[in-house]
Each structure stands twice: as structure tokens, then as C-alpha cells.
Amino acid sequence: MRNFGLLGRSSVAALSAVVFSAPLASAATTSALADGQQGEQVLSLVAKTTQFTPNGSGDAQGNGFTLANDLYRDDQRVGSGAGGCTIVRLEAGASTGTLQCLITFALSDGDITVQGFAPYAPPPRDFNLSINGGTGSYAASRGYVHGHTVDDTTTELTFHITP
């Protein structure tokens, strides 16, 4: 199994690394909605893969990987995350396809869990995963995370969190 970066072979792996600390809250921006409702919180981080373990051998449905990442903001480590992805579809005659991923990002004030499909392909590539819950301050969170996998170990992540 080739290492396609955080969200390639490790395509979604890049996505799976988000732990925030105190700087996280100050790094977020919030927009106001009509009638004084709380708006979307946006968090921008860079994930660096620290561990990548293939499960199975070669490009085949059912094979996948587990991964661990460190998260950075302004070149300072602010957290970590972990998860796994499984190859659920391969294109005929190619080593590209679709991953199903589940990743948890541990933050100083709670965890955020994301899930969804991501491309199984070499970088660069973009993907979106849904935020399907969390703990602590993120217990009722929804939204999505957009990832841009730059190379085999670096993914830019933008979390769009709604209360």
C-alpha cells in the first residue's frame, strides 16, 4: 500500500490529526447570525502525520490504514488526533478510489469526531468530512472540515463548526 499522504493512501489521514489547546479558542473566528444566534466557528490548522500503519497489503477493497497526527497553528503544536480509513472503492485498472474515514480530534476543551468519504489518490487533493459530534464544548457540534492534502505528511485543515 502506497503512502498517498494524509488523505490519499493516507489521504484522510491528514484529516485525522486535530487537538487544540488554549490557542485554539483564540484562533477561531465566529460569525453572527440574525436574531443574535451564534454563528459558525472557523478553525484553521495544519496536520502533520506522525504515524501511518497500513492494514492489509496492496491496493484492495477492505484494506486501509490507521494514523496519528500532530496539529499546528503558526508553527506551534496545539494538539493531536488519530483515526483510520478503509478503501471502499477502487477505480478499474487504477490505484485510486474512495476511502471511508473516521477520525477523532482531541481538543483541550473537548473532542471533535469527523467521518465521511475522501479520495484515495496521490496529493495534492481536497476533501470534506462531516463533523458528527464531540464531547465537552463540542458535544452538540455539527458542520464539516475541509482538508487540502499538500504532500504525504502535510494537510491543511479548516473546521467549520456550528453549535
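How many aromatic pairs does the structure hold? There are 2 aromatic pairs, counted where ring centres of Phe, Tyr and Trp (its six-membered ring) lie within 6.5 Å, with planes under 30 degrees apart called stacked, over 60 edge-to-face and the rest tilted. The model is predicted, so local features need pLDDT of at least 70 and side-chain atom pairs pLDDT 80 or more, while totals for chains, interfaces and linings use all residues. Residues are numbered from 1 along each chain as its sequence is written, and side-chain values use heavy atoms, leaving out hydrogens and water.

F52 and F65 form a tilted pair, 5.0 Å centre to centre with 35° between the planes. This pair links strand 2, which holds F52, to strand 3, which holds F65, 13 residues apart; strands here are DSSP runs (E, at least two residues) numbered from the N terminus. F52 is partly exposed at 21% relative accessible area, whereas F65 is buried at 1%; buried means under 20%, exposed over 50% and partly exposed in between (1.4 Å probe, protein chains only).

Strand 5 pairs antiparallel with strand 6 over 11 bridges, where pairing needs at least two DSSP bridges.

Key
Helices (H or I, at least four residues) and strands (E, at least two) are DSSP runs, numbered from the N terminus.
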